[in-house]
Amino acid sequence: MNWNEGVCLTGRTGAGKSSILRILMNILLKAGCGCFWLCMKPDEADIAERTILNSGRGSSLIRFDPGDLLTFNPFTFEMGREGGSAVSLANIYADINEVIVRPGREGETFWKVHENTCMTHGINVTHIAHRGHASTEALYQFLVSTPETVAQTHTTEFKAGKCWETILLAEKRVATHQEKRQLILASDYFLKQLPSAGEKARGAILSGVLNSLIPFIMPPLSQMVNGESTFNPVDAVQNGRCIIGDYDLATYGRQGLAHQLLLSFILTEVTLRRRETSVPFVLVRDEYQLCAHPKRDVAAQTVARSQNLISLAAFQTIPVLVDGLGGGIEAKTQAQALYALHVNKFMCNNNCPETNETNAKIVGMKRRRFFSTSPNHQENPLDVLGVGGINISTSQQYHYIYPPLNFTRLRTGGKENNLQVDAVFHDGRKHSVETFKQR
């Protein structure tokens, strides 16, 4: 199996996916891979930590949870890295919000363009003004205090607020001609263009931008992303660190998901940008439908092999993945693309006809020939012995090598199956039925 081609597990609830995932991770960890383990379920972070410790990789463990003193400021990291900019940071925030909200409103592209423009200008002003002390919280405070009308920019109340204070501070700290140009454009946008757009348009644009920032400014998780960073993603990837995102959905909801997505996006980008690719880095995503971003994941998976990025994902059924991506025709196409790009597939017990049919097609079909005979009772003047004739006909049909019904009969572990879990494994070329023992 070529791990860099991606590994995907499917199977109904209780089919043994998580058990196989942990077994596969134990193999990768013992091989020296680094990882980021996104944890959607309350007990998943503890399971992930035990898996890492049991593999002998305890010294490389980093666990992000609200009780830790670990901080990672995406603002200073993205604006300070080579090639980083307000545009790239704005895209990260927008993509996180897209996964959390899964927007389906009409005119989404129109609003997304304006929200990205607003976010980009806001990031530039905040970065120039605060430099190394810039943060998501400072950006939020600036945006929320921008004027509602052009007339308001001349009032004493506005000039005593955070927006005007930040712009003045930025003017004092401009260091380059490019920054001066960025500040002029941003000031013109917030003091003239946005207030002139009208109350409803301005409200819609700001609402979209602020919603994408709220998960990073609200306690109890806001301290992780505001302040000076004690976590360096570049060092973590290069040194093969094992990172756990302990912000499960049941406890922290969308805010926890936003923080895990932030780390996964940044760590994935760092992995794909690195020039030294000797240490593989694994992105572990059980309940994949909750954290998948189709465009990012497709782009990453297409170059994952050369950059030693391993995607290890698990979900129940294809309809579940489609629903998690927002539903509809576009989501179905995205789900098919994501599943296809994960070349190595472990197909566990499933009761979903669509998923079983798809998996059966992936395993493939074979041709069967059928022969039939029938007596010919027509009189033949040459048949002097009266033996008669026989008609022989042939036909051929294609049948599944591993029929859909067989996926419902795979063992699912537990005492009733003597802890045995079956899965049909396909590596893009051939298939086999593998058995794993639950721990």
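Accessible areas here come from the Shrake-Rupley method with a 1.4 Å probe, and for residues only the protein chains shown count as cover. On that basis the accessible surface of the chain comes to about 21000 Å², with 52% of it belonging to carbon and sulfur atoms.

Some bookkeeping. This is a predicted model, in which local features need pLDDT of at least 70 and side-chain atom pairs count only at pLDDT 80 or more, while totals for chains, interfaces and linings use all residues. Residues are numbered from 1 along each chain as its sequence is written, and side-chain values use heavy atoms, leaving out hydrogens and water.

Overall dimensions next. The C-alpha trace spans about 120 × 55 × 40 Å along its principal axes. Of the 439 residues, 51% are buried, meaning under 20% relative accessible area with a 1.4 Å probe, protein chains only.

Now the secondary structure. The chain has 16 helices and 11 strands, taken as DSSP runs numbered from the N terminus, helices being H or I of at least four residues and strands E of at least two.

Nine strands form an open sheet with mixed pairing, in the order β3-β4-β2-β5-β6-β1-β7-β10-β11; two strands pair if DSSP finds at least two bridges between them. β3 (61-64) and β11 (431-437) are at the edges with a single partner strand each, so one side of each has no neighbour in the sheet.

Which strand does β1 pair with in the parallel sense over four bridges? β1 (residues 7-10) pairs that way with β6 (residues 309-315). Within this pair, Thr10 stands opposite Phe315 in β6.

Conventions:
Buried < 20%, exposed > 50% of the residue type's maximum accessible area, 1.4 Å probe, protein only.
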